[in-house]
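Open the model in your viewer and keep the sequence panel beside it. The stops below are given in the order in which to select them.

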Amino acid sequence: PSYPFAAIAPLLKEGDLVFGNLECPISDQGTPVQKKYTFRAHPSAIDALAASGINVVSLANNHILDYGTIALEDTLALLEKHDVAYAGAGHNEEEAREGAFFEINGIKTAILAYSGVFVGTYPAWRAGPEKAGALYYCDREQFIADIEGVCRRADVVIVSLHFGDEYTHRVSDEQREIARLAVDSGADLILGHHSHTPQGIEIYRDRPIIYSLGNFLFYPFSRAICNETYILRARIGRGGVESINLLPVLLGDSQPYPATGREAARLQELLGGLLDELGTPWEQDGETLTVLPGPR
């Protein structure tokens, strides 16, 4: 269990709130659904996750119900047992919409999570009044109401979005539309994923939209752009995100590690170019890139 995060856990444990997208159920039960790729992790994988420093995950993605509700419910139970918070799915719709809440250094922080609509997964995977499942942002009115409601209870609201196109650095029109809608509804930080690649960061109404965090702990891809990623470090105050720092990371052999030397320089150039494409100012700070959202 110590192998996957061996090179990166010390960095993750520096964070107060450490987020990741959990792209599979953790279970030894269930039957695979009829789709091209079905993911499931053995229950022993929870030991690696719990020891990694990650303390909150999004479950709103296009693989969390690959083995049905029984595997999802196993996942919820394991996360709860090991004190890993979750958002974007639940034993029922009410729980899924609750999200995850933290109070860190006196700052009340909430995390909500939603998935895009992918062929074959919606509405069958949608959480119901008495049905375990995930959340989707296709109901725009409910999406807005969820964020506005949480804003009344928290100082800072983070929204996780599983959206966009796979295997590309390009940000789609739908990504821009839904991410900006989340900010317009009160979100302070958007954390995107699904493309398996890093994508750019937009500062919209002084709020950062991270369109894709890229892969992190994943099997090595044949596509090189899927093995390049970063750790996002965000300094958060009561008024929202104060600064952003990107640390280049490579996936390794299912063991992500911080890039150094020429590898770091290559990833800095890549990440800087993605920021430039969205008009986001940045500066190099050693082996990291720093983005300043600006005054609130």
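In this predicted model, the aromatic side chains form eight aromatic pairs. Select Phe39 and Phe218 to see an edge-to-face pair, with ring centres 6.1 Å apart and 80° between the planes. Phe39 counts as buried because its relative accessibility, 18%, is under 20%. Phe218 is also buried, at 13%.

Next, select Tyr114 and Phe143, an edge-to-face pair at 4.9 Å centre to centre and 80° between the planes. Tyr114 belongs to strand β6 (residues 107–115) and Phe143 to helix α5 (residues 140–151), so this pair ties together parts 29 residues apart in sequence. Both Tyr114 and Phe143 are buried.

Now go to Ser27, in the loop between β1 (19–21) and α2 (45–51). Is Ser27 buried or exposed? Ser27 is buried, with a relative accessible area of 2%. Its side chain reaches the backbone nitrogen of Gln29 at 2.9 Å. Beyond its neighbours within four places in sequence, Ser27 is in contact with Arg40, Ala41, His42, Pro43, Ala71 and Asp74.

Finish at the second largest pocket, which has a volume of about 260 Å³. Select Lys35, Tyr37, Asn62, His63 and Glu166, the closest to its centre of the 16 lining residues. The lining divides into eight nonpolar, four polar and four charged residues.

Definitions and conventions: Residues are numbered from 1 along each chain as its sequence is written. This is a predicted model: local features need pLDDT of at least 70, side-chain atom pairs count only at pLDDT 80 or more; totals for chains, interfaces and linings use all residues. Side-chain values use heavy atoms; hydrogens and water are left out. Helices (H or I, at least four residues) and strands (E, at least two) are DSSP runs, numbered from the N terminus. Buried means under 20% relative accessible area, exposed over 50%, partly exposed in between (1.4 Å probe, protein chains only). A polar contact is a pair of N or O atoms within 3.5 Å; within protein, one must be able to donate a hydrogen and the other to accept it, and residues adjacent in sequence count only if both atoms are side-chain atoms. Contact means heavy atoms within 4.5 Å. On a 1 Å grid over the protein atoms alone, a cavity is a set of points where a 1.4 Å probe fits but cannot get out, and a pocket is an open set with protein on both sides within 12 Å along at least five of seven lines; lining residues have an atom within 4 Å of a point. Grid points are joined across faces, edges and corners, and a volume is the space filled by probe spheres set on the points. Ala, Val, Leu, Ile, Met, Phe, Trp, Tyr, Cys and Pro count as nonpolar, Asp, Glu, Lys and Arg as charged, and the others, Gly among them, as polar. Rings of Phe, Tyr and Trp (its six-membered ring) pair if their centres lie within 6.5 Å; planes under 30 degrees apart count as stacked, over 60 as edge-to-face and the rest as tilted.
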